[in-house]
Amino acid sequence: MPKTSKITSATNMSRRALLGAAGLGAAGLGAASLGVVGATSALADDRHHGRPMPPAPTRPEVAFYGRSQAGIANPPPAHLQFAAIDITITSRAALIGLLRDLTQGAARLTSALPVGKTGAVNGPAAVAPEDTGEALNLPTAGLTITFGFGPELFTSKSNGDRFGLANMQPAGLQQFPNFKGDELVAGRIGGDICIQACADDAQVAMHSVRNLMRIAGSRAKVRWTQAGFNRAASLNNVTTTPRNLFGFRDGTNNLNTNDRAAMDEFVWAKSSDGAAWMDGGSYLAVRQIRMLISDWDDSVLKEQADVFGRTKSGGAPLSGGTEFTAPDFSKLSADGKWAIAPDSHVALAHPQNNGGVRILRRAFNYANSDEASGAADVGLFFMSYQRDLNRQFVALQCQLSESDLLNEYIRHTASAAFAVPPGTSPGGYIGETLLA
Ligand code: HEM
């Protein structure tokens, strides 16, 4: 058995450990794998009076197991890989088997372990490797993998109640109604299960979804996918609020995930909400929103600020103060008009004007090419977590879709709703509270 144990021990080593074993420390990784690090290091050396500084720490490993799934409350990293997938198996036992395999795969991936028993390079030469290999030697980059269940997993016109789950469907988990102005693209709506992979390295995020789909094999197929990005804050120790592709700070008045009372009130589902199996989970709203950047880029700075109700420079409300000053919607400007237009994005979305609704936004920018027109298809891959989709996301989006000044510059093109079940512990699987 010595051969097998050698294989097992090699594949159980984390990518980081393999890196160390190969004689490449973290400094080597930073310089070798990130094109920009050379320039950053020169700057860092200069600031340190010529002495080399220790390499910037990479985002630490995020625990996969826990009461709630990771990828909701922890700060969003620089990259997203999102997939909405359809399940092709039909028995409940097979669904449990699939979720067990996906859970085990995700637990390994988030620990930077290659998937399968033999990983990327330790299997027999005559067999396709279990792991595709592009994340070998990369750290976890703070990878989180979050699974959600769409309404059609429970019941659908084409598949009926295939898994015997119809009576477990949370009342509020439905495909969203058509909102005014929606231009949804066929094929980019819904999905039986979603996989949200977030990491500071696009290759790590992409590797995880690709390998989870290989684990699923013929048991699932991709319905639609999207990659997203934010600025690479971790590379430069940037702590300012990220900017969206309209150039505005986006996230200023987002829910503070360290505020436990607010997270309990607005994000985490409770058994008393109706679906007991969702206790400790949350509900995810996904909207891909194309941003008409040519029109926007030609609009004048004042118009841009008026659309949001905030300044472009620092994100302060137009009623005055700095970024985190509370907006004053009753303030008039010198010309007698409202300082913050009542139909500006912030006025309509602020809890003061929407009956107290709050959501946890977790959005990423995206950039695709539109093959049909050749034009850029760029925008915001909007995701929000909330305790109740109807009372929070749907209510907000109804209000925004009616009169938001921003609507002139955006188009909603993809849409999906998911129940994101609670987390699990070693030996368990995501979805066990629903299926056990
Ligand atoms: C491309 C589409 C969108 C863009 C560019 C955008 C951008 C922004 C910006 C710049 C702010 C102000 C800064 C901040 O507090 O984060 C903001 C606030 C906000 N947005 Fe959006 N947003 C978009 C879509 C949406 C959608 C679809 C929703 C929900 C249905 C939404 C909900 C909110 C909320 C709740 C706030 C905070 C308002 C407050 O309390 O002051 N946004 N958004």
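Which helix gives the most residues to the shell around the ligand? In this predicted model, that element is H13, which contributes four residues to the shell.

The iron atom of the ligand has a single protein donor, the NE2 atom of His345, at 2.1 Å. His345 is placed in helix H12, which spans residues 345-349. In total, 26 residues surround the ligand, and the closest of them are Gly251, Thr252, Asn253, His345 and Arg361. For Gly251, a backbone N or O atom lies 2.5 Å from a ligand oxygen, and for Thr252 a backbone N or O atom lies 3.0 Å from an oxygen atom of the ligand. Arg361 takes part through its side chain, an N or O atom of which is 2.9 Å from a ligand oxygen. Two or more residues of the shell come from each of strand E5 (282-291), helix H12, strand E8 (376-386) and helix H13 (390-403). Sorted by class, the shell comprises 15 nonpolar, seven polar and four charged residues.

Helix H13 has 14 residues, and the distance from its first C-alpha to its last is 19 Å, close to the 20 Å expected at 1.5 Å a residue. Its buried residues are Gln392, Phe393, Val394, Leu396, Gln397, Leu400 and Ser401. These residues lie on the same side of H13, because they cover an arc of only 160° around the axis. An α-helix has 3.6 residues a turn, so residues three or four places apart point the same way.

Strand E5, another element of the shell, contains Arg287. Arg287 counts as buried because its relative accessibility is 0%, below the 20% limit for that class. The side chain of Arg287 makes a polar contact with the side chain of Asp182, at 2.7 Å.

Helix H5 (residues 92-110) consists of 19 residues and reaches 27 Å from its first C-alpha to its last, close to the 27 Å expected at 1.5 Å a residue. Among the buried residues of H5 are Leu95, Ile96, Leu98, Leu99 and Leu102. The buried set also includes Arg108, together with Thr103 and Thr110. Just after H5, Ala112 adopts a positive phi of about 65°, although Ala112 is not a glycine. Most residues other than glycine have a negative phi. Ala112 belongs to the loop between H5 and strand E2 (144-149), and is buried, with a relative accessible area of 0%. The loop between H5 and E2 also holds Ala141, a non-glycine residue with a positive phi of about 55°. Ala141 is buried, its relative accessible area being 7%.

Helix H7 (residues 202-216) has 15 residues and extends 21 Å from its first C-alpha to its last, close to the 21 Å expected at 1.5 Å a residue. At the start of H7, a side-chain oxygen of Asp201 comes to within 2.7 Å of the backbone nitrogen of Gln203. The buried residues of H7 include Val204, Ala205, Val209, Leu212, Met213 and Ala216, as well as His207, Ser208 and Asn211. Gly217 follows H7 and has a positive phi, near 60°.

The loop between helix H6 (151-154) and strand E3 (193-199) includes Gln175, and Gln174 lies in the loop between H6 and E3 as well. Gln175 is partly exposed, with a relative accessible area of 30%. Gln174 likewise counts as partly exposed, at 43% relative accessibility. Gln175 and Ser415 are separated by 240 residues in sequence, while their C-alpha atoms are 8.2 Å apart in space. For Gln174 and Ala419, the separation is 245 residues in sequence and 9.8 Å in space, C-alpha to C-alpha.

Technical notes:
Residues are numbered from 1 along each chain as its sequence is written. This is a predicted model: local features need pLDDT of at least 70, side-chain atom pairs count only at pLDDT 80 or more; totals for chains, interfaces and linings use all residues. Side-chain values use heavy atoms; hydrogens and water are left out. Donors are N, O and S atoms within 2.8 Å of the metal (3.2 Å for Na, K and Ca); water is not among the atoms, so sites may look incomplete. A residue is near a molecule or strand if one of its heavy atoms lies within 4 Å of it. A polar contact is a pair of N or O atoms within 3.5 Å; within protein, one must be able to donate a hydrogen and the other to accept it, and residues adjacent in sequence count only if both atoms are side-chain atoms. Ala, Val, Leu, Ile, Met, Phe, Trp, Tyr, Cys and Pro count as nonpolar, Asp, Glu, Lys and Arg as charged, and the others, Gly among them, as polar. The expected span of a helix is 1.5 Å times one less than its number of residues. Buried means under 20% relative accessible area, exposed over 50%, partly exposed in between (1.4 Å probe, protein chains only). The arc is that of the directions from the helix axis to the C-beta atoms.
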